[in-house]
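Please walk me through this structure in plain terms. I have not seen it before.

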Amino acid sequence: GQCRVFCPTGAISIKSDKDAVWDALADPNVRVVAQVAPAVRVAVGDAFGLPKGRSVMGKIVNVLHRMGFDEVYDTTFSADLTIMEESAEFLDRVKNGGKLPLLTSCCPAWVKFVDNQFPDFKEHVSTCRSPQGMMSAVVKEYFREPENGKGKTTVMVSFMPCTAKKMEAERPDSYTKGEKDTDYVITTTELIEMIRTTGIYFADLDSEASDIPFGFGSGGGVIFGVTGGVTEAVIRRLAPDHDKATLEEIAECGVRREGFIREFSVPYEGMEIKVCVASGLANAKKVMEQVQSGEKEYHLIEIMACRRGCIMGGGQPRLAGERTKNARTQGIYNADSVSVVKKCNENPMITSLYEGFLKGKEHELLHNHR
Ligand code: SF4
């Protein structure tokens, strides 16, 4: 059964779904599908004696297959989907006089913060689901087709750096056809516990590739794990070129600058797009108050509730000093450096999804219905 851990003050209750996941893995009538978020891969290795911050995605895929997961997909794939949709939404708002600034929607703690603290800005929040939400909706829909589903029910498990993702999975506006898409959310710390339970010597595992058709994301998808990543991926998407010089120029535009509030502008088709990237809710509050008072004007605001972004999420191993934080950030940027495809719209799995079974279902599967 499920084990519930309650906060002594009763203010929060965080469920651990590990037991339910083990039960699903043991059930032959259930297809258990995993998705692994970008920030998870750089925070697991050091628990098993590997260097801090090194991406161990290939080993995570291997260990999940050994645990019995039928499919292991990569949330960087659906981060690409998020950028496809969010950049289209952004351009639509710019060109057609929609609500600006556009506020990013992939961090559930931030979305909740807007609802509570800045309700006048609710309509500014992008309607895009988060990468977790998009992946689960697409996977569930894919296996609803009888030739893919083969009579099994599908249980979707997401491995996240984040405790707020548990709440996001329960948010009815993120359901498809009235049903929850993400069945269980397992944090990085819980994943480490699950790996320990198996007794497998993680450090020695070979790397395995994620499964097709949802197992491949671009470099733009992987940088979602750090603050500024979403924005950088959007700028890449909007840039007409993809050569090295263009990518370097984008990286230097201010989006990777030090600090928890970064302001900069990027030229786009004769206009200057004004951007603010902030992490940490206290910083988000500062930014929003300035926007509210008219002191500052932006077209796009990216907020991550955790300072430095998801690499420092509430579901990540907590003993993280400066060295660990920097190593995780570096690990994410390295994962981008080694990826051949840098832009979501150049990911062949993304283009074939849009041309294939996603056609006509984009709104239903990829957007919140708030
Ligand atoms: Fe979760 Fe923090 Fe990432 Fe927001 S920034 S999605 S709260 S880990």
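**A guided reading**

The residues around the ligand are Cys 107, Ala 109, Pro 161, Cys 162, Ala 164, Lys 165, Met 304, Ala 305, Cys 306, Gly 309, Cys 310 and Gly 313, where a residue counts as near a molecule or strand if its C-beta atom, placed from the backbone, lies within 6 Å of it. This shell divides into nine nonpolar residues, two polar and one charged. In that division Ala, Val, Leu, Ile, Met, Phe, Trp, Tyr, Cys and Pro are nonpolar, Asp, Glu, Lys and Arg are charged, and the others, Gly among them, are polar.

The model is a predicted one: local features need pLDDT of at least 70, side-chain atom pairs count only at pLDDT 80 or more, and totals for chains, interfaces and linings use all residues. Residues are numbered from 1 along each chain as its sequence is written.

The chain as a whole has 15 helices and 10 strands; helices (H or I, at least four residues) and strands (E, at least two) are DSSP runs numbered from the N terminus. Its radius of gyration is 20 Å, close to the 21 Å that the globule rule gives for 370 residues, so the chain is as compact as a globular protein of that length. The radius is taken over C-alpha atoms, and the rule is 2.2 Å times the number of residues to the power 0.38. Along the principal axes, the C-alpha atoms fill a box of roughly 55 × 45 × 45 Å. Of the 370 residues, 47% count as buried. Buried means that 20 or more other C-beta atoms lie within 10 Å of a residue's own, exposed means 12 or fewer, and partly exposed is in between, with C-beta atoms placed from the backbone.

Helix α5 covers residues 131-144, and its 14 residues should span 20 Å at 1.5 Å a residue; the end C-alpha atoms are 20 Å apart, which agrees. The expected span is 1.5 Å times one less than the number of residues. Since 11 of the 14 residues of α5 are buried, the helix is largely enclosed by the rest of the structure. Among these buried residues are Pro 131, Met 134, Val 138 and Tyr 142.

Turning to the strands, β3 (residues 30-36) is mostly covered, with six of its seven residues buried. β3 runs parallel to β6 (residues 153-160), joined by seven bridges, and Val 30 has Thr 153 as its bridge partner in β6. β3 also runs parallel to β4 (residues 71-74), through four bridges; there, Gln 35 is partnered by Tyr 73. Two strands pair if DSSP finds at least two bridges between them.

An open sheet of four strands has the order β5-β10-β9-β8, with mixed pairing. Its edge strands are β5 (102-103) and β8 (261-268), each of which pairs on one side only. β8 pairs with β9 (residues 271-279) in the antiparallel sense over eight bridges. In the loop between β8 and β9 lies Glu 269, which has a positive phi of about 40 degrees although it is not a glycine. Glu 269 is exposed, with 10 other C-beta atoms within 10 Å.

Some other loops also have backbone details to look at. Lys 150, in the loop between α6 (146-149) and β6, has a positive phi near 45 degrees. The peptide bond from Leu 100 to Pro 101 is cis, with omega near 0 degrees, and Pro 101 is in the loop between α3 (75-95) and β5. The bond from Ile 212 to Pro 213 is cis too, with omega near 10 degrees.
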